[in-house]
Amino acid sequence: MQLGFNENVIHNGVMYHAQTEDGGKKNPVITTLLFKEGSIISSKRTSYADIIKSDKLQVVVKEIMRDQHGTMLKNLKDGVFDKKEEKVE
(Lines give C-alpha, C1' and ligand atoms only; values in the text may rest on other atoms or scores of the structure.)
Protein backbone atom coordinates (compact mmCIF):
# COMPACT_ATOMS: atom_id res chain seq x y z
CA MET A 1 0.00 0.00 0.00
CA GLN A 2 1.38 3.38 -1.03
CA LEU A 3 1.14 6.48 1.10
CA GLY A 4 -1.44 8.88 -0.25
CA PHE A 5 -1.41 12.52 -1.24
CA ASN A 6 -3.32 15.28 0.57
CA GLU A 7 -3.20 18.83 -0.64
CA ASN A 8 -5.04 22.07 0.03
CA VAL A 9 -5.27 24.40 -2.96
CA ILE A 10 -6.81 27.84 -3.29
CA HIS A 11 -8.57 28.45 -6.60
CA ASN A 12 -10.51 31.66 -7.28
CA GLY A 13 -10.31 32.50 -3.59
CA VAL A 14 -11.85 29.19 -2.49
CA MET A 15 -10.03 26.43 -0.58
CA TYR A 16 -10.18 22.96 -2.13
CA HIS A 17 -8.76 19.73 -0.74
CA ALA A 18 -7.46 16.95 -3.01
CA GLN A 19 -6.89 13.50 -1.57
CA THR A 20 -5.50 10.42 -3.32
CA GLU A 21 -5.42 6.99 -1.67
CA ASP A 22 -4.36 3.46 -2.55
CA GLY A 23 -6.76 0.75 -1.44
CA GLY A 24 -3.97 -1.84 -1.25
CA LYS A 25 -3.75 -5.36 -2.64
CA LYS A 26 -7.07 -6.44 -1.09
CA ASN A 27 -8.81 -3.49 -2.77
CA PRO A 28 -6.57 -2.55 -5.72
CA VAL A 29 -8.13 0.81 -6.50
CA ILE A 30 -6.60 4.27 -6.46
CA THR A 31 -9.14 6.90 -5.44
CA THR A 32 -8.79 10.65 -5.84
CA LEU A 33 -11.36 12.95 -4.30
CA LEU A 34 -11.71 16.71 -4.65
CA PHE A 35 -13.50 18.49 -1.82
CA LYS A 36 -14.98 21.98 -1.69
CA GLU A 37 -16.29 23.13 1.70
CA GLY A 38 -16.35 19.52 2.92
CA SER A 39 -18.36 18.15 -0.01
CA ILE A 40 -16.94 15.93 -2.73
CA ILE A 41 -17.22 17.73 -6.05
CA SER A 42 -15.23 15.25 -8.13
CA SER A 43 -13.86 11.74 -7.84
CA LYS A 44 -11.72 9.45 -9.96
CA ARG A 45 -11.11 5.75 -9.36
CA THR A 46 -8.60 3.57 -11.17
CA SER A 47 -8.37 -0.18 -10.67
CA TYR A 48 -5.01 -1.87 -10.88
CA ALA A 49 -6.30 -5.42 -10.36
CA ASP A 50 -4.92 -6.37 -13.78
CA ILE A 51 -1.31 -5.74 -12.64
CA ILE A 52 -1.56 -6.95 -9.03
CA LYS A 53 1.08 -9.66 -9.61
CA SER A 54 3.60 -7.35 -11.29
CA ASP A 55 7.07 -7.27 -9.72
CA LYS A 56 7.03 -3.49 -10.32
CA LEU A 57 3.65 -3.00 -8.66
CA GLN A 58 4.79 -0.38 -6.12
CA VAL A 59 6.47 1.75 -8.78
CA VAL A 60 3.48 1.57 -11.14
CA VAL A 61 0.93 2.28 -8.38
CA LYS A 62 2.92 5.30 -7.20
CA GLU A 63 3.06 6.61 -10.78
CA ILE A 64 -0.69 6.15 -11.28
CA MET A 65 -1.35 7.94 -8.00
CA ARG A 66 0.85 10.90 -8.94
CA ASP A 67 -0.70 11.17 -12.40
CA GLN A 68 -4.28 10.91 -11.15
CA HIS A 69 -3.70 13.43 -8.33
CA GLY A 70 -1.92 15.81 -10.71
CA THR A 71 -4.69 15.57 -13.30
CA MET A 72 -7.32 16.41 -10.69
CA LEU A 73 -5.36 19.52 -9.62
CA LYS A 74 -4.75 20.53 -13.25
CA ASN A 75 -8.47 20.24 -13.98
CA LEU A 76 -9.19 22.43 -10.95
CA LYS A 77 -6.66 25.03 -12.10
CA ASP A 78 -8.04 24.90 -15.65
CA GLY A 79 -11.54 25.72 -14.36
CA VAL A 80 -13.15 22.36 -15.15
CA PHE A 81 -15.09 22.45 -11.86
CA ASP A 82 -16.01 26.14 -11.93
CA LYS A 83 -19.72 26.79 -11.98
CA LYS A 84 -20.91 28.31 -15.19
CA GLU A 85 -22.50 31.71 -14.69
CA GLU A 86 -26.02 31.76 -16.04
CA LYS A 87 -26.53 34.58 -18.45
CA VAL A 88 -29.72 36.56 -18.02
CA GLU A 89 -31.10 37.97 -21.23
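I started at Ile41, which touches Tyr16, Leu34, Lys36 and Phe81, leaving out residues up to four places away in sequence; contact here means heavy atoms within 4.5 Å. Before going on, I noted that this is a predicted model, where local features need pLDDT of at least 70, side-chain atom pairs count only at pLDDT 80 or more, and totals for chains, interfaces and linings use all residues. I also noted that residues are numbered from 1 along each chain as its sequence is written, and that side-chain values use heavy atoms, with hydrogens and water left out.

**Ile41, continued**

I placed Ile41 in strand E4; helices (H or I, at least four residues) and strands (E, at least two) are DSSP runs, numbered from the N terminus. Ile41 counts as partly exposed because its relative accessibility is 35%. For the cut-offs, buried is under 20% relative accessible area, exposed is over 50%, and partly exposed is in between (1.4 Å probe, protein chains only).

**Strand pairing**

How many bridges join E3 to E4? I found eight, and the two strands run antiparallel; strands pair if DSSP finds at least two bridges between them. Within this pair, Ile30 stands opposite Thr46 of E4, and Leu34 has Ser42 of E4 as its bridge partner. The E3–E4 hairpin has two residues between the strands, and Glu37 takes a positive phi near 55° there.

On the E2 side, seven bridges join E2 to E3, again antiparallel. Ala18 stands opposite Leu34 in E3. That hairpin has six residues between the strands, with Gly24 at a positive phi near 85°. I also looked up burial for E3: six of its eight residues are buried, so E3 is largely enclosed by the rest of the structure.

**Helix H1**

I went to H1 next, residues 57–77. This helix has 21 residues and reaches 30 Å from its first C-alpha to its last, close to the 30 Å expected at 1.5 Å a residue; the expected span is 1.5 Å times one less than the number of residues. Which residues of H1 are buried? I listed Leu57, Val61, Met65, Gln68, His69, Met72, Leu73 and Leu76. Seen down the H1 axis, the buried residues fall within an arc of 130°, so they line one face of the helix; the arc is taken from the directions from the helix axis to the C-beta atoms. Val59 and Lys77, on the other side of H1, are exposed. The cover over the buried residues includes strands E1 (5–11), E2 (14–22), E3 (29–36) and E4 (39–47). Just after H1, Gly79 has a positive phi of about 85°.

**Cores**

The largest nonpolar core has six residues: Tyr16, Ala18, Leu34, Met72, Leu73 and Leu76. By definition, such a core is a set of buried Ala, Val, Leu, Ile, Met, Phe, Trp, Tyr and Cys residues joined through side-chain atoms within 4.5 Å. H1 gives the most to this core, with three residues. A second, separate core of five residues includes Ile30, Tyr48, Leu57 and Met65.
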